[in-house]
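This briefing concerns aromatic pairing, charges placed over rings, and nonpolar packing. Please consult the sequence and the structure shown below while reading.

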Amino acid sequence: MKSTLFALLLLGLTVLLPARAAVILIYHHIAEDTPRVSSTTEDELRQHLTHLQEHGFDVVGLDVLLAKLQAGEPVPHNAVAITFDDGYVNNFTAAHPILMEFGMPYTIFISPGDIDNRTGPVLSWEQIRRMSDDGVLVANHAMHHEKMAQPEPGESEADWLKRMRQTILDAEQRIKEETGQSHRFLAYPYGEFSPKLETLVKELGFIGIGQQSGAVGPTTKLTRVPRFPAAGRFAEMSDLAQKLRTLPFTILEHVQADPMVSRDQNPPTLSLRLQVEDFRPSQLRCYAGMEVIEPDWLDDGQTFVATASKPVNRGRSRYNCTVPSISKRGYFYWYSQPWLFGRSSD
């Protein structure tokens, strides 16, 4: 009898314990003289890395983390992956020495056409090769950092998809020519993507990575992998510390989660079917800017529907949905849904 009760207790604890989760951080500039919204100072970066080190986080390569997700294997406990977008020269002059000092792996997403043309304050291929030789992962950010989610005005869908295929493959080829690396990871410029682009990315055998926030886990969709920003106001340690204590929902179905917002469906509706075990549905809240949305739960007890009261603005916006974990005190489940209405500004 005692052994049976013990087995049932263990089973109950197993059901309640959340799946292992990981967080991917995204940086851009490491500098004090660049736009604050996309910048983290050297002191802030050191503070972040020290926090990771002192609080038992396992900083892993993005390739290690994504390989686990692809294989359906548990991710390392308290795993964190570090990424940089756009390939700014301060990634080499400021960030790289600090990360090497801490012995932490990281990834840079670059646009090879911008490197070739020296567009802006970007890395040189010599610097990129030196980083690559030091173990830095170099991955794809499209050939020219172009907007990818939809055709340009007057462009047919077929021509757009052909152009997207070309920019992805050309960028991957240039990275391979210069560094020998080819991971088939694509970070969408501006974090913008659409279902048809996701389909193309999957067909090409790539993993698509966004800029919407959230933790990653076994049911993360590998054409829209989330990352938490760590720049601007999000570089504050109090904010980042909470983001590191997040968990991914177990998503059974993306019922209604198309990022592209049409004029006749604005405000957009988010609907997900979730495995409800380690949180109380009544506590789930979604946020559209400053608006708090109390989702409606359908009769199945697993599917929620959330719609803001006001239309989203032109360009990029999000709903962020969170709820406290029952079993892991101080942790929150977190899902961010990106929206794109019309054409965004840079």
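The model is predicted. Its largest nonpolar core holds 39 residues, and a search of the whole structure finds nine aromatic pairs.

**Nonpolar cores**

- In soluble globular proteins, nonpolar side chains tend to be buried together.
- Within the largest nonpolar core, of 39 residues, the members that touch the most others are L49, L52, I82, F84 and I108.
- Two or more residues of this core come from each of strand 1 (22-27), helix 2, strand 5 (79-85), helix 4 (90-102), strand 6 (107-110), helix 6 (125-133) and helix 9 (237-243).
- The greatest contribution is that of helix 4, which supplies six residues.
- I82 has contacts beyond its neighbours within four places in sequence: L25, Y27, L49, L52, V59, L99, M104, P105, Y106 and T107.
- A further core lies apart from the largest one and has 26 residues, among them I251, V261, A306 and A308.

**Aromatic pairs and cluster**

- F228 has a relative accessible area of 0% and is buried.
- W334 also counts as buried, because its relative accessibility of 16% is under the 20% limit.
- One aromatic cluster is formed by Y27, F84 and Y106. Of these residues, F84 is also listed among the core members that touch the most others, while Y27 and Y106 are in contact with I82.

**Charges over rings**

- K147 places its charged end over the ring of Y190, at 3.9 Å from the ring centre.
- K328 lies over the face of Y331, and here the distance to the ring centre is 4.4 Å.

- Apart from neighbours within four places in sequence, H51 is in contact with F57, M237, A241 and L244.

Notes. Residues numbered from 1 in each chain as written. Predicted model: local features only at pLDDT ≥ 70, side-chain atom pairs only at ≥ 80, totals over all residues. Heavy atoms only, no water. Phe/Tyr/Trp six-rings, centres within 6.5 Å; stacked < 30°, edge-to-face > 60°. Buried < 20%, exposed > 50% of the residue type's maximum accessible area, 1.4 Å probe, protein only. Lys NZ or Arg CZ within 6 Å of the ring centre and 35° of its normal. Contact = heavy atoms within 4.5 Å. Core = buried A, V, L, I, M, F, W, Y, C linked by side-chain atoms within 4.5 Å. Helix = DSSP H or I, 4+ residues; strand = E, 2+ residues; numbered from the N terminus.
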